[in-house]
Amino acid sequence: MTLPTRNAALRNAVAYFDNGAFLADLAALLSRPSESQNPAAAPELLAYLTLDLQPRLQALGFGSVLHDNPEQGGPPFLLASRIEDPGLPTVLIYGHGDVVHGQAEDWREGLSPFRLQQEDDRVYGRGTADNKGQHLVNLTALQQVIASRGRLGFNAKLLIEMGEEAGSPGLQEFCRSEAALLEADVLIASDGPRIDPARPMIFTGSRSSLTFRLSVDLRQGAHHSGNFGGLIADPAIILAHALAVITDQRGQIQVPEWRPDTLTPRIREVLAVLPVPEAGFALDPDWGEESLSQTERVFGWNSFAVLAMKSGRPEAPVNAIAGEAHATCQLRYVVGTDPEEILPALRRHLDQAGFGMVQITMTDTGYFPATRLDPDHPWVQFTAGSLEESTGLAPHLLPNLGGSLPNDCFADILGLPTIWIPHSYAGCNQHAPDEHALMPVLRQGLIGMTGLFWDIGTPGLSPQPKNSA
């Protein structure tokens with residue numbers, strides 16, 4: 001009898017992709033308009049789990065159960081598992097099957113959000129990049145290992161939520177209440193973009209964000225600028241000067257408590273080898289913290305942004321001094337920034353600068369805390385080695401993504417080392433019309449994940465499970 005080999009599993013994965021089977025599977029998932037921000041789409045969210053995923057998982061030997069969302073009105077969670085031996089490592093795999101609004105009227109002619117369309121190396125459709133295409137890569141990799149080896153060689157649990165694009169309602173409470181069911185040795189998941197579409201990437205956490213409103217409300221109504229100019233304070237000018245004490249003219253943060261101390265020499269060493277993220281437009285090298293590299297600014301530091309400002313009637317200006325001015329602001333922050341202290345620190349800073357009249361109002365109803373795993377953790381090093389063996393390329397390693405995702409549920413609540421391996425790129429039009437994935441990225445992702453799951457199931461290769469002697 002010929003023993004199954006790793007190379008054979010990788011060849012089978014490549015064949016599955018190249019013969020069109022993967023795209024056919026993806027087309028079926030994309031056809032489901034699972035828009036979590038659309039209340040009328042609630043039946044589609046449920047159908048994605050029961051009609052699109054559960055039969056696929058059953059064919060792979062997974063048992064699956066739908067769980068009610070602990071948050072009233074929130075969509076259900078799907079938890080599936082394949083337990084081969086309690087003594088083997090257990091991997092928790094996460095993904096989300098919901099998408100943002102399709103925005104069909106804004107897509108380019110010939111494209112539709114819920115119909116897969118391939119053009120050269122691009123595959124268009126809502127969810128190709130975020131997140132149906134990404135979790136399908138991982139499910140297909142599991143499928144290829146089982147088909148080649150006859151088993152995984154490890155225990156797998158799969159958690160799919162249907163509300164990530166609406167802020168993951170109930171996910172934190174679900175992880176707290178079902179921690180025993182979700183117990184594992186590591187989280188392996190895929191979301192977000194790579195820095196370089198040609199090279200695999202690992203990130204182990206994410207920045208968080210807090211959005212708030214700054215307001216200067218001096219009087220009711222507007223008053224003629226000729227009659228009262230020089231006699232009454234202008235709230236827009238006051239607000240502009242208040243913003244100017246939060247950062248300097250190049251965006252360097254001036255609030256002491258907003259300047260993190262977690263950009264350690266080791267984190268700087270990891271970030272030093274990374275390329276500047278590709279954006280498709282010109283970046284501003286003279287913006288942000290002057291002493292930091294561009295990669296350190298986005299992955300190792302905090303950043304402040306004014307998302308919107310208003311005073312008077314911008315759409316139809318009149319000769320009057322407005323009575324109020326408002327700015328919606330956001331702080332993106334890394335591990336080491338206390339979220340409970342962000343706004344109190346800003347209050348103190350503004351008061352000390354003489355801006356006690358500026359009101360601060362939190363507008364976030366919830367946020368994902370910042371997370372980061374030690375880049376030298378055994379699971380990080382093991383995963384990097386496996387991906388390099390399969391793809392021939394050493395993966396880029398990020399301590400955390402620049403954006404936000406619900407990694408705290410796994411890192412903090414479940415206490416797991418968290419490994420994220422994205423199968424997308426920054427130019428994918430995520431959340432916008434013409435969302436797409438790149439065929440080479442999906443193909444390389446499938447090769448890498450098949451090799452990774454094969455290696456986890458190979459005795460003695462992966463880090464020891466928690467319950468080992």
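**Exercise 1. Decide whether His396 is buried or exposed, and list its contacts.**

His396 has 11% relative accessibility, so His396 counts as buried. The cut-offs are: buried under 20% relative accessible area, exposed over 50%, partly exposed in between, with a 1.4 Å probe and protein chains only. The model is predicted: local features need pLDDT of at least 70, side-chain atom pairs count only at pLDDT 80 or more, and totals for chains, interfaces and linings use all residues. Residues are numbered from 1 along each chain as its sequence is written, and side-chain values use heavy atoms, without hydrogens and water.

His396 sits in strand S15 (residues 396-398). Strands (E, at least two residues) and helices (H or I, at least four) are DSSP runs, numbered from the N terminus.

Last, the contacts, meaning heavy atoms within 4.5 Å. Neighbours within four places in sequence aside, His396 is in contact with Ile195, Asp196, Arg199, Pro200, Met201, Ile202, Leu274 and Pro275.

**Exercise 2. Give the strand order of the open four-stranded sheet, and say which helices lie across S9 and S13.**

Start with the order. It reads S11-S13-S9-S14, with antiparallel pairing. Two strands pair if DSSP finds at least two bridges between them. The edges are S11 (303-311) and S14 (359-362); each has a single partner strand, so one side of each is left without a neighbour in the sheet. From one strand to the next, the twist averages 25 degrees.

Now the S9-S13 pair. Strand S9 (residues 208-217) and strand S13 (residues 324-333) are joined by ten bridges, in the antiparallel sense. Phe212 stands opposite Cys329 in S13.

Then the helices. Angles run from 0 to 180 degrees between N-to-C directions, and axes are lines fitted to C-alpha atoms, for helices over the stretch in contact. Helix H7 (residues 235-246) lies across S9, S11 and S13, at about 15 degrees to S13. Helix H10 (residues 342-352) lies across S9, S13 and S14, at about 170 degrees to S14.

**Exercise 3. How many disulfides does the whole structure have, and where does Cys175 stand?**

The search finds zero. A disulfide needs a pair of cysteine sulfur atoms within 2.5 Å. For Cys175, the nearest cysteine sulfur is that of Cys409, 4.6 Å away. Cys175 is buried, at 0% relative accessibility. Cys409 is buried too, with a relative accessible area of 1%.

Follow Cys175 to Phe410. Phe410 lies in helix H12 (residues 408-413) and is buried at 0% relative accessibility. Not counting residues up to four places away in sequence, Phe410 touches Leu92, Tyr94, Leu159, Cys175, Leu187, Gly415, Leu416, Thr418 and Trp420.

**Exercise 4. Describe how H2 and H4 cross.**

Take the geometry. The axes of helix H2 (residues 21-30) and helix H4 (residues 132-149) come within 10 Å and cross at roughly 135 degrees. H2 and H4 are therefore oblique to each other. Angles under 35 degrees count as roughly parallel, over 145 as roughly antiparallel, 65 to 115 as roughly perpendicular and the rest as oblique.

Finish with the contact. H2 contributes Phe22, Asp25, Leu26, Leu29 and Leu30; H4 contributes Lys132, Gly133, Leu136, Val137 and Thr140.

**Exercise 5. Which strands pair with S2?**

One is strand S1 (residues 63-67), antiparallel to S2 over five bridges. Gly63 stands opposite Ser81 in S2. Strand S6 (residues 155-161) also pairs with S2 in the antiparallel sense, over five bridges. There, Ala80 has Leu158 as its bridge partner. Strand S2 (residues 77-82) is mostly covered, with five of its six residues buried.
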